[in-house]
Amino acid sequence: VSTVPLHDGSLLAIRPLAPGEHASVQQLFDHLGPRTRALRFLMTTRVLSDSLLASLARVDERHGALIAERHSGGRAEPIALANVALGDEGAPAAELALVVRDDWQGRGIGRHLADASLRWAAARGQQRFIVHLAHDNEIARKLVRRFTTVTAASWAGSMMELTLTLKAVQGR
């Protein structure tokens, strides 16, 4: 668990999601607005299906999830989630995705969560990543450029697939 300071002076804890921690993921999803859901899942979704919930909460040797939380009154409130799926044996890249609750966006959470997620993957030997995002998601594109170098890009309609190489750790 690490505590990170945000632009507004708030402190958040970032920690690995525990196996089977579906309730925190569901609670976070319930606080995402329609646009944020569409940007994260690349589709309009009002309900988190059981299969998607299981995928987002999956943690094992190949799948990592980090959750950012605010602690208040003895309770932990989920604010953001990052998922990393390492490539299978011989696969060239890991997939990375993250989401921040609408009411917490613009405070630097995405930067801290992306950094922690990329470090988690790098510690497991991963240096290349794939990210899927809406081409008009400029905030995500800026975040990607902060930590990685884009080595390939392709488009399918309004969705982009970026292949990325991790930049050096210092200076983040």
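## Strand pairing

Strand S3 (residues 63-72) runs antiparallel to S4, with ten bridges between them. Strands are DSSP runs of E, at least two residues, and helices are runs of H or I, at least four, numbered from the N terminus. Two strands pair if DSSP finds at least two bridges between them. This is a predicted model: local features need pLDDT of at least 70, side-chain atom pairs need 80 or more, and totals for chains, interfaces and linings use all residues. Numbering starts at 1 along each chain as its sequence is written, and side-chain values use heavy atoms, without hydrogens or water.

Ile67 has Leu81 of S4 as its bridge partner. Two residues separate S3 and S4 in their hairpin, where Gly73 takes a positive phi near 60°. S4 also pairs with strand S5 (residues 94-100), antiparallel over six bridges. There, Ala82 is bridged to Leu98 of S5.

S4 (residues 75-85) is mostly covered, with eight of its eleven residues buried. Buried means under 20% relative accessible area (1.4 Å probe, protein chains only).

## The buried side of H1

Helix H1 (residues 22-30) buries Ser24, Val25, Leu28 and Phe29. These residues lie on the same side of H1 because they cover an arc of only 135° around the axis. The arc is taken from the directions from the helix axis to the C-beta atoms.

## Around Phe29

Phe29 counts as buried because its relative accessibility is 3%. Phe41 counts as buried too, at 13%. Arg37 lies over the face of Phe29, 4.0 Å from the ring centre. The criterion is CZ of Arg or NZ of Lys within 6 Å of the ring centre and within 35 degrees of the ring normal.

Note on methods
Buried means under 20% relative accessible area, exposed over 50%, partly exposed in between (1.4 Å probe, protein chains only).
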